[in-house]
Every structure is written in C-alpha cells, then in structure tokens.
Amino acid sequence: MHPFLALLLASFYVCTLMGMNPVNMVNAMEAGIGGTLGFLAAVIGLGTILGKMMEVSGAAERIGITLFVEVGVVLLIPLAFSIARKTRTSLLTLAIPLCTALMAVHCIVPPHPAALYVTNQLGADVGSVIVYGLAVGLFASLIGGPLFLKLLGKRVPFKEVPAAFADIKARDEATLPTLGASLFTVLLPILLMLAKTVAELNMEHASHLYTVLEFIGNPITAMFIAAFTAYYVLGIRQQMKMEGLLNKTEECFSSIANILLIIGAGGAFNGVLKASGLGDSLATILSQLDMHPILLAWLVAIVLHAAVGSATVAMMGATAIVSPIMVHYPEIMTLAIGSGAIGCTTVTDSLFWLVKQYCGATLNETLKYYTTATLVASLMALAGTFLLSCIV
C-alpha cells in the first residue's frame, strides 16, 4: 500500500481504537497535516528548485549532492561506471560507498525532506542539525562505505558495468559548472542558516544586525535566496533562457507531490497520536524501558525502515513515537532517528533494487555487501551521535 494511504489508514485505526469522537478525529488529522506542511511545503518546494538546477546544470555531478537519494543515485552512477571502466575496479566497491553516503546525507542533513521533517517536528535548530549531521554523516559514510569494503578486500566479487548500462556515460567535464560556483550555490542556504544560529548564541537580540540575520537565516528565506541564486549561477550563466527555467521548475514541482503527500499524512498520524492520548501512553511505556533514549530512537527508526522500506516514513513514525520522551537536545534526537533510518536498506526499499540492477549483482550479493554497508554506517552514525551528546 502507498505510504500516504497507509499512514492515513493508521490514523483512522488509532482514533477508532482510542474511542475518539469522529469530528475530533478529523480535526486532529487536519491540524496535523496543516501544521506539518505549513512550513515544510515551502522549504521543500524551494529546495527542489535548487536540486533541479543542480541536476540540469551538472553541479550535482561536480560535487555529489542532491535533494532526493534515488535521484542522486541516477545522477551519480555514471561517474561510478566511468571510474570502474578506466581503473578496472569492481563496480561494487564504487557504487556501494556512493549509495551509502547518499542515504546518510538524506537521513540526517537538512534540507533533505526526511531530515527537515524531524528537525521541524522536534523543534531542533536547522543550522545546528546541518553542522552536526554533516560531521556524523561523513564519519558514518567513510567507515560504512570505503573502509568497510577495503576491510573485505578480495572477498568483494569483481563486477563490470552491466551491458544494459554500457551506453550511460558521465557528462563531459567541460560542460559542467565550476567547482566554486557549484559549492557556492549549494552552501549558500546552509551558511545563511548557520549565521542565524551563531547570531542567536552570540548577539544582542535587540540589534538591527540580529534582526537581519534572523530574517535571512530563516529556512524559508534562505532557500528562497538560494533558489534565485541557482537560477542565475547554474541557469542563466550556463546559457539557459527564462522559458527553460520555467519549464524545469514546473517539472520539479510535479516530482515532489508524492513526498509532500507522505509528509502530510505523517503529520496527520503524529497529530492523532497526540490528540488521542496514545502518544502519552507510549511515552509512559517507553520511559519504563531500561534503554537509553538515543538508542531507543535509533532502534525504532531502523526497525521501521526494515519493515516499511522507506527511510522517510520510518523517520516520521519514529518521530511520532519518540518525541514525547525527549530528554536530550532535540538536535541530538534528530540525529539519533536519522542514524537509525540509514540502516537496513533491504528488499523492502526501492534503493536496494536500484543498487542491485546498476551493479549487476545477485540478490545475495546485494544483501551481503550493500545492506551490511548501510547497517555499519547506521551503527557508526549512532556512535557519532552518542559522542556528540557528550560534547554538546
């Protein structure tokens, strides 16, 4: 069943079991959808423009960052094909680290939709989550990807580029935007949001400069500025016309309907858990478990990902379950949930099948190497989150 329908069905089911008034049931769901999408729809919409401009200009290939993990795989796998051909390296040793890193960034670094949803729901500071998430994600990706495969050594089978994908080639580097322009565009919203975080910690709140930084560092404003910067740097300067930019914008908006519906339904489920009182009951039960809250958040997310096959849905479900028992900084709990969602990318997840097909691997090989790599990355992200909780 589609996650949008499954989450709505779960919301009705919970309300019925809890004996809620039907009118209150619908009102809780409406409030959950509206409260969630009111902020996220704008940020995800603007972020999708930025992601689309990076895709069509080639900036994503230049630096390896995209908004959606499946899009990232499709865009960047030609680079793995090219390197594998030139160096006679097994495609598995290139594709698995690539896909593991994309999953890590998708789960713990805003403005990726799933990470942004958890950040917003838990009331965490976006700038702080970005900084912490990049540190934890880099650590997890390095160990779960290249270091894990290097440890396996010759046990990883040699895989050539499958014949079905032999014609797929990376773009000519001369046609791509410069590294400086690509980095500037993608880092601009992050720097603006970080400036807001720094201002809140170190500046007098009554000053005019603080007001300016608070305004431009708001995620909506920061992504708005970044979208228009991308139009110019990655579009107009790359000889694209305004008509072409309009067409690309319309294309990217049609692609996010699915994710927005899922996130909205997740907000409905979250609202129902709170309004029905089930959230408080879950908090009471979970608080009696002899388990660290960070470990609990990680465990719920990884189990849900294995069960439903979607990191986004897993993170939304884990947020609804774990949020009532938060005892740590919301930024830490955001990373704990995202760390869990990285792991167990198995047969229920579409990304698993993308990796299998692109690498020409068997089901057993994909489970043995890619699923294990994401599990290792998830454990490393959990360890990094625990370490971070001791520092901040």
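How many salt bridges does the structure hold? The count comes to six. A salt bridge here is a side-chain nitrogen of Lys or Arg within 4 Å of a carboxyl oxygen of Asp or Glu.

Some ground rules come before the details. This is a predicted model, in which local features need pLDDT of at least 70, side-chain atom pairs count only at pLDDT 80 or more, and totals for chains, interfaces and linings use all residues. Residues are numbered from 1 along each chain as its sequence is written, and side-chain values use heavy atoms, with hydrogens and water left out.

Start with Lys 52 and Glu 251. They form a salt bridge, and their closest N and O atoms are 3.5 Å apart. The pair links distant parts of the chain: Lys 52 sits in helix H2, Glu 251 in helix H11, and 199 residues separate them. Helices (H or I, at least four residues) and strands (E, at least two) are DSSP runs, numbered from the N terminus. How covered are the two partners? Lys 52 is buried, at 15% relative accessibility. Glu 251 is partly exposed, at 39%. Lys 52, Glu 55 and Glu 251 are linked in a network of salt bridges.

Now look at Arg 88. Its side chain meets that of Glu 160 in a salt bridge, at 3.1 Å from N to O. This pair also links distant parts of the chain, 72 residues apart. Glu 160 lies in the loop between helix H7 (126-152) and helix H8 (179-202). Arg 88 lies in the loop between helix H4 (69-87) and helix H5 (92-108). Glu 160 is partly exposed, at 47% relative accessibility. Arg 88 is exposed, with a relative accessible area of 54%. The backbone of Arg 88 deserves a glance as well. Its phi is near 55 degrees, a positive value in a residue other than glycine.

Gln 239 also has a positive phi, near 70 degrees, and is a residue other than glycine. Find Gln 239 in the loop between helix H10 (219-235) and helix H11 (242-255). Gln 239 is exposed, at 67% relative accessibility.

A further salt bridge stays within one helix. Glu 200 pairs with Lys 196, and the closest N and O atoms are 3.0 Å apart. The two are about one helical turn apart, because they are four residues apart in helix H8. Glu 200 is partly exposed, with a relative accessible area of 28%. Lys 196 is buried, at 13%.

Next, the interior. A nonpolar core is a set of buried Ala, Val, Leu, Ile, Met, Phe, Trp, Tyr and Cys residues joined through side-chain atoms within 4.5 Å. The largest such core has 117 residues, and Cys 107 and Ile 337 touch the most other members. Helix H2 (residues 22-57) gives the most to this core, with twelve residues. What does Cys 107 contact, leaving aside its neighbours within four places in sequence? The list is Ala 115, Ala 311, Met 315, Gly 338, Ala 341 and Ile 342. Contact means heavy atoms within 4.5 Å.

Aromatic rings come next. Rings of Phe, Tyr and Trp (its six-membered ring) pair if their centres lie within 6.5 Å; planes under 30 degrees apart count as stacked, over 60 as edge-to-face and the rest as tilted. The whole structure has four aromatic pairs. Phe 352 and Trp 353 form an edge-to-face pair, 5.2 Å centre to centre with 80 degrees between the planes. Phe 352 is buried, with a relative accessible area of 0%. Trp 353 is partly exposed, at 35%. Elsewhere, Phe 224, Phe 228 and Tyr 231 form one aromatic cluster.

Last, the two threonines Thr 16 and Thr 371. They are 355 residues apart in sequence and 37 Å apart in space, C-alpha to C-alpha. Thr 16 lies in helix H1 (residues 3-17). Thr 16 is exposed, at 57% relative accessibility.

Key
Buried means under 20% relative accessible area, exposed over 50%, partly exposed in between (1.4 Å probe, protein chains only).
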